[in-house]
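Subject: Structure handover

Hello,

Please find the structure below. Some notes on what was found in it follow.

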Amino acid sequence: MTAIAAFLVSVPLQVAAQEATDLQPEDVEADAGASAQQTAQATEAGRRVFTPTDFERFAPRSALDMLEEIPGFTLRGADDQRGLGQASANVLINGERITSKSDGVFTQLQRIATDRVERIEIVDGATLGIAGLSGQVANVITRPGDIGGRFSYRASFRPKYAEPSFIGGEISLNGSSETTEWTVAIANGVGRGASGGNEAFIFGPTGELLETRDIRTQFVGDTPRVSGSLQWTSPGGTVTNLRANYQRVYDNFRDNQFRDLTTGVDRFRAFEFRAREWGYEFGADVTFGVGPGQLKLIGQESFTRANRRSDSITTFVDDSPDRGNRFATISDTGERIGRAEYSWAMLGGDWQLDAEAAFNRLDRSAQLFDLEPSGQFVEMDFPNGTGGVTEDRYETILTHSRSLADNLTLQVGAGGEYSTISQTGANGLTRSFWRPKGSVNLAWQVEEGLDVSLELARRVGQLSFGDFLASVSLNQDQQNAGNVELVPQQSWEAQLDITKTLGRWGSTELRIFAQEIEDYIEFIPVEGGLETRGNIDSASIIGIRWNSTFQLEPLGFKGAQLELTLQAEETDLIDPLTGESRAWGGHQDREVDVSLRHDIPGSNWAWGVGAEYNHTLPYYRLGETGFNYEGPTYTYAFIEHKDVFGMTANLTVFNLTDGRAVQDRFVYDGYRDRSDLLFRETQNLSVQPIFNFRLSGDF
């Protein structure tokens, strides 16, 4: 269901992005009716500059809608990095990075009404003097506006298995003046997923049929949230930002299976996962002049409490006593960050010195229960499941940006981090590390409409503290022993971006990337024949991604465009069991996305179709291997009206060609390199068409 959820989030983005066709600045010279102002925008200091008039025929509702309609620009959110770190999202608002980790890029852009956008500038990140930025970056320039609001409503339905959803969306209210800007919002994120069908089987080691399973899965999730932000600029120019949000999570997942055994007693297995969470984030930053430059101080505190429980109960048709287990955890996770950024100009370039302290923590209690014949759950011994993990991290990086020529910019950043990781509970351990990090970015405007960006970087990855502690998956009968010796991954990374505008034919972007990773996190063997997430020496990836927008008006199809994305990756690591080279387990190494959108000239109607294909590699655990994926091909179609009583309405039907939820699982009686096959499990479950309705507007 992960693929479906990701698609439902991305479809509106893809659909909107396809709209920006005829009015892109690069095309103005080919348009005899273009104004002189538009032509100036196309060549202004090597930047692409868009104003609200460039998007009028698309009727955008927010800055997010406008960005998604810019050809040749792919919107990217912030990386899941340690602390706040350097800027990674390729969007700025009024020249400033977005520092909130929970209300991210997409959420904040969606709350900026179109009439508050003065212009959008597309530039190469290395030319901005902001540490960490590379490739194409959008700078959204806003202006003061009256008090106003925006809303978006979402509903979904499918014929079988899943519950309908009628309560998704967000309402936000904001206002601004020359010195003050504020926003308040209330939202509910909704997830509804399911699959099923009598196409699941269990085979023995020699291929004999052991069981036929009728499976029904269902997911129901709601994430209500309230948030707010305030910005104030003092008469002296000091800028202060305050932000806060509070969120709850209500997730329920069921996997119910009637198991028809070839030999033995038939049975019904009911699995249920339940999660209840609440959390908050508070943040503030202040920017003011100090000496020859600007100092920005940032503080942020976040906390989440999660109460999760899994029950797996088997009932027999001959009235034998039920069997089952329960696994329950209560977890407190938090992060506290203090960061300072000092920027100044010196020696013909821009400088920035960053210093950050981040304190992460996890405290978790875990219990494993066995279902007694009396129907009561009795707690079992579960060592290494309860404990805590903390990481105290200190980082400093000095970044220098300068122009080497009118069309060539260099940015160099160098520094390092010092961290201490401590684990409490059984086998507690404390370790300290120093790691270098930094990057070199080169931006070259080869000619008007052709930009090349090269980045070389040394980065340190993020850890999942839950991997330090033991856990079980009752649904798949899997266990993770926990590992107190985990360390973050480190990587050398290279990325080359080439962006070319094609005039009235559209735009194209090519990305070539590679990573060489140290301390890669993979399943490794531990004492007692168990497995856990641990570090292996190295792993690598190399890939290429080509994203293009083709205007179809030169072919006579006015108002239409084709969006095409192709991606291919090759990965490698040494299997910790066999010692042989293999690809990354469960990795999607091939992607093809194609979509057509047609905005019917002279009307408020638009329609479109699309398809996506993803190839997924086999996954590897120490005691099993196999395939687990969806699709692999999904198709969709939509129809949209841009003025329904002043609102935009969109109806999308996803999975027109019966994409499936597929699993082919080989489970061994021990480690897979030295044990006999225990059984093979296959699933080919129906996902069903999914109907999504979206209504958005302002007030």
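In which strand is the place of Gly608? Gly608 sits in strand β27, residues 605-616; strands (E, at least two residues) and helices (H or I, at least four) are DSSP runs, numbered from the N terminus.

Before the rest, some ground rules. This is a predicted model, in which local features need pLDDT of at least 70, side-chain atom pairs count only at pLDDT 80 or more, and totals for chains, interfaces and linings use all residues. Residues are numbered from 1 along each chain as its sequence is written, and side-chain values use heavy atoms, with hydrogens and water left out.

Back to Gly608. Because its relative accessibility is 0%, Gly608 counts as buried (buried is under 20% relative accessible area, exposed over 50%, partly exposed in between, with a 1.4 Å probe and protein chains only). Leaving aside residues up to four places away in sequence, Gly608 touches Leu596, Arg597, Tyr636, Ala637 and Phe638; a contact means heavy atoms within 4.5 Å. Thr652 is 44 residues from Gly608 along the chain, and their C-alpha atoms are separated by 9.2 Å.

Is Arg364 buried or exposed? Arg364 is buried, with a relative accessible area of 11%. Arg364 belongs to strand β13, residues 349-371. Residues that Arg364 touches, not counting those up to four places away in sequence, include Thr329, Ile330, Gly385, Gly466 and Ser471. Between Arg364 and Arg305 there are 9.7 Å, C-alpha to C-alpha, and the two are 59 residues apart in sequence.

Now the whole chain. The protein chain has 34 strands and 4 helices. Of its 699 residues, 51% count as buried. Its radius of gyration is 27 Å, which agrees with the value near 27 Å for a compact globule of 699 residues; the radius is taken over C-alpha atoms, and the globule rule is 2.2 Å times the number of residues to the power 0.38. The C-alpha atoms fill a box of roughly 85 × 60 × 50 Å along the principal axes. Among contacts between residues at least 6 apart in sequence, 66% join residues at least 24 apart.

Last, confidence. The chain averages a pLDDT (the predictor's confidence in each residue, from 0 to 100) of 88, and 91% of the residues score at least 70. Over residues 1-43, pLDDT stays under 50, and the model has 95 contacts beyond four places in sequence for this stretch. Where pLDDT is low, the predicted coordinates should not be read in detail.

Regards
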